[in-house]
Amino acid sequence: MTTTTEPTATPDAAASPGRTAAPAAATAPSATASPGTAAGPEAVIAGARERIDALDDRIIGLVQERMAVSAVVQQARIASGGRRVHLSREMDILGRYRDALGKPGTALAMTLLELCRGRI
């Protein structure tokens with residue numbers, strides 16, 4: 001029985017806007033198998049799910065950080081007499097997510113934009 005794993009980005013990928021990191025190979029936690037033996041599918045799945053949960057926690061934290069930074073930008077823009085939303089900037093963001101993730105990336109970017117600026 002073979003298992004497939006989703007590619008994961010390295011932490012450096014978040015630090016380099018506009019650049020996509022090569023997918024990292026998913027590995028089973030070393031605690032689930034002794035050296036020289038293969039882990040059973042249950043151990044692989046459990047380890048992968050732990051990794052997914054950790055990644056989800058990081059993603060949620062990054063989204064919350066993005067929301068806070070976006071609020072600062074919006075406040076500064078409004079204080080200087082500008083509009084709360086900069087549509088050409090949002091179009092750039094949508095394009096960046098679409099280019100990196102395909103059509104579902106656009107939906108993800110729209111969700112992020114909605115979270116960060118509210119509905120317009």
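**Helix packing in a predicted model**

Visitor: At 39% relative accessibility, does Val 73 count as buried, partly exposed or exposed?
Guide: The relative accessibility of Val 73 is 39%. With a 1.4 Å probe and protein chains only, buried means under 20% relative accessible area, exposed means over 50%, and partly exposed is in between. Val 73 lies in helix H2, residues 41-79. Because its value is 39%, Val 73 counts as partly exposed.

Visitor: What kind of model is this, and what is the mean pLDDT of the protein chain?
Guide: This is a predicted model, in which local features need pLDDT of at least 70, side-chain atom pairs count only at pLDDT 80 or more, and totals for chains, interfaces and linings use all residues. Residues are numbered from 1 along each chain as its sequence is written, and side-chain values use heavy atoms, with hydrogens and water left out. The pLDDT is the predictor's confidence in each residue, from 0 to 100. In the protein chain 67% of the residues reach 70 or more, and the mean pLDDT is 79.

Visitor: Which element of the protein chain has the lowest mean pLDDT?
Guide: Helix H3 has the highest mean pLDDT among the elements, 97. The lowest mean, 41, belongs to the helix of residues 11-15. Over residues 1-34 the pLDDT is below 50, and this stretch has 21 contacts in the model beyond near neighbours in sequence, a contact meaning heavy atoms within 4.5 Å. The element with the lowest mean is H1.

Visitor: What pattern does the protein chain follow along the sequence?
Guide: Helices (H or I, at least four residues) and strands (E, at least two) are DSSP runs, numbered from the N terminus. The protein chain has 4 helices and 0 strands. Read along the sequence, the pattern is α-α-α-α.

Visitor: How far does H2 reach from its first C-alpha to its last?
Guide: The expected span of a helix is 1.5 Å times one less than its number of residues. For the 39 residues of H2, 57 Å is expected. The reach in the model is close to that value, at 56 Å.

Visitor: Which helix is included in what covers the buried residues of H2?
Guide: The buried residues of H2 are Gly 47, Leu 55, Val 63, Ser 70 and Gln 74. Among them, Gln 74 counts as buried because its relative accessibility is 12%. Leaving aside neighbours within four places in sequence, Gln 74 is in contact with Arg 84, Cys 116 and Arg 117. The cover of the buried residues of H2 includes H4.

Visitor: Why do the buried residues of H4 line one face of the helix, and within what arc do they fall?
Guide: Gly 105, Ala 109, Leu 112, Leu 113, Cys 116 and Arg 117 are the buried residues of H4. On the other side of H4, Lys 103 and Pro 104 are exposed. The arc is that of the directions from the helix axis to the C-beta atoms. Seen down the axis of H4, the buried residues line one face because they fall within an arc of 105°.

Visitor: Which helices are included in what covers the buried residues of H3?
Guide: H3 has 15 residues and reaches 21 Å from its first C-alpha to its last. Its buried residues are Glu 90, Ile 93, Leu 94, Gly 95 and Tyr 97. What covers these residues includes H2 and H4.

Visitor: Which residues make up the largest nonpolar core?
Guide: A nonpolar core is a set of buried Ala, Val, Leu, Ile, Met, Phe, Trp, Tyr and Cys residues joined through side-chain atoms within 4.5 Å. The largest one has 7 residues: Val 63, Ile 93, Leu 94, Tyr 97, Ala 109, Leu 112 and Leu 113.

Visitor: Which helices each supply at least two residues of this core?
Guide: Leu 94 is one of the core residues. Leaving aside its neighbours within four places in sequence, Leu 94 is in contact with Thr 106, Ala 109, Met 110 and Leu 113. The helices that each supply at least two core residues are H3 (87-101) and H4 (103-117).

Visitor: Which residue follows H3, with a positive phi?
Guide: After H2 comes Gly 81, whose phi is positive, near 90°. The residue that follows H3 also has a positive phi, near 80°, and is Gly 102.
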